[in-house]
Number of protein chains: 2
Amino acid sequence: MALSAQQILELWRRVLVADLRRDHPDLTARQFALLLHVYLTPPPHTVRGLSAALSLSKPVITRALDRLGRFDYVRRKRDQTDKRNVLIQRTIKGSVTLREFGDLAAEIAAPMQPPPVALTPPR
Amino acid sequence: MALSAQQILELWRRVLVADLRRDHPDLTARQFALLLHVYLTPPPHTVRGLSAALSLSKPVITRALDRLGRFDYVRRKRDQTDKRNVLIQRTIKGSVTLREFGDLAAEIAAPMQPPPVALTPPR
DNA sequence: CCCTACCGTTTCGGATGCGCAACGAACCAT
DNA sequence: ATGGTTCGTTGCGCATCCGAAACGGTAGGG
């Protein structure tokens, strides 16, 4: 995946702008990173583990889970083998939402020119 | 740029997670989209124009500019030919910040495998 | 049994964001 | 001049975020 910094910035811009138009809940960068992490890395996921993996404090994780849970993007479940732990589980709605975002981004990436030869066109 | 939805999600995750660790100001998705838009699309940029381009209300643009301006990521300048307008200008610091983000993302994208053949490894 | 360690949550004060509506300043046509 | 239009900003009330510290519940060693 040879992508120049310039290309990625442009891709990022288009995806963000396109995503703004959709009316799903407005997630923080942190919340979105958390959502991606839960769905793209192998379980089990605990608050402590997520806190370490994302370099975020535990309260931040707890609150992000509150919010993601309200939208049914993730679910909490007590670990029955160690009742101190909380296991974060995926949901159908969360999968669908991420899937849509991925498809949107892929559609935007597809028609983009591989190497933008001239960065600064002559004025 | 043939990127699968799966690949982009993974790329997005890694970049977001890596970006969380850096200590720059925590920008909203909207604020970051605005920042990217100002730097990647040709000027001039006005509040009204940005509002239309990003599908955000004018107050949202104004407040985002307040915040971006506080970090010196952008600057406001009255349009002298039509003093109702405000022109949004780029800054050195903003360029550097975006450049760093782009480089970070490019470094993360580089070692990623082009086609992850098996999406769900057998358990 | 305790006592300690660990886990996730909650509380507190303060900062920031939003939508909606109203606002002052600048422009423009008549 | 003057009335209407367009520009960006601000005020209001409410929701949400944050960091730091304290909290209750669970686990595990001695």
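How many residues does the contact take from chain B and from chain A? The contact takes 44 residues from each of the two chains, chain B and chain A, where contact means heavy atoms within 4.5 Å.

A word on the ground rules. This is a predicted model, so to speak: local features need pLDDT of at least 70, side-chain atom pairs count only at pLDDT 80 or more, and totals for chains, interfaces and linings use all residues. Residues are numbered from 1 along each chain as its sequence is written, chains are lettered from A and ligands numbered from 1 in the order in which they are written, and side-chain values use heavy atoms, with hydrogens and water left out.

## The interface

The size of an interface is often given as the accessible area lost when the parts come together. Here, about 3,900 Å² is buried between chain B and chain A, and carbon and sulfur atoms give 74% of that. Buried area is the accessible area (1.4 Å probe) that two parts lose on being put together, summed over both.

On the charged side, the count between chain B and chain A is one salt bridge, meaning a side-chain nitrogen of Lys or Arg within 4 Å of a carboxyl oxygen of Asp or Glu. The pair is Arg30(A) with Asp26(B), and their closest N and O atoms are 4.0 Å apart. Six residue pairs are in polar contact across the interface of chain B and chain A, both residues being at pLDDT 80 or more. A polar contact is a pair of N or O atoms within 3.5 Å; within protein, one must be able to donate a hydrogen and the other to accept it, and residues adjacent in sequence count only if both atoms are side-chain atoms.

Which helices of chain B each supply at least two residues of the side that touches chain A? They are H1 (5-21), H2 (29-40), H3 (47-54) and H5 (92-109), with the largest share, 14 residues, coming from H1(B). Helices (H or I, at least four residues) and strands (E, at least two) are DSSP runs, numbered from the N terminus. By class, this side of chain B has 29 nonpolar, eight polar and seven charged residues. Ala, Val, Leu, Ile, Met, Phe, Trp, Tyr, Cys and Pro count as nonpolar, Asp, Glu, Lys and Arg as charged, and the others, Gly among them, as polar.

How do the copies relate?

## Charged pairs in chain B

Side chains of opposite charge can pair when their charged atoms come close.

| Salt bridge | N to O distance |
|---|---|
| Arg13(B) and Glu10(B) | 2.8 Å |
| Arg14(B) and Glu10(B) | 2.7 Å |
| Arg22(B) and Asp19(B) | 3.6 Å |

Arg13(B) and Glu10(B) are three residues apart in helix H1 of chain B, about one turn of the helix. Arg14(B) and Glu10(B) are likewise separated by about one helical turn, because they lie four residues apart in that helix. Arg13(B) is buried at 12% relative accessibility and Glu10(B) is buried at 14%, whereas Arg14(B) is partly exposed at 35%. Buried means under 20% relative accessible area, exposed over 50%, partly exposed in between (1.4 Å probe, protein chains only). Not counting residues up to four places away in sequence, Arg13(B) touches Leu36(A), His37(A), Leu40(A) and Thr41(A).

Arg90(B) lies in strand E2 (residues 86-90) of chain B and is partly exposed, with a relative accessible area of 39%. A polar atom of the Arg90(B) side chain lies 2.9 Å from the backbone oxygen of Val38(B), and the backbone oxygen of Thr41(B) also lies 2.9 Å from a polar atom of that side chain.

The side chain of His45(B) reaches the backbone oxygen of Thr41(B) too, at 3.0 Å. His45(B) sits in the loop between H2 and H3 of chain B and is buried, with a relative accessible area of 6%. Beyond four places in sequence, His45(B) touches residues including Leu50(B), Val86(B) and Arg90(B).
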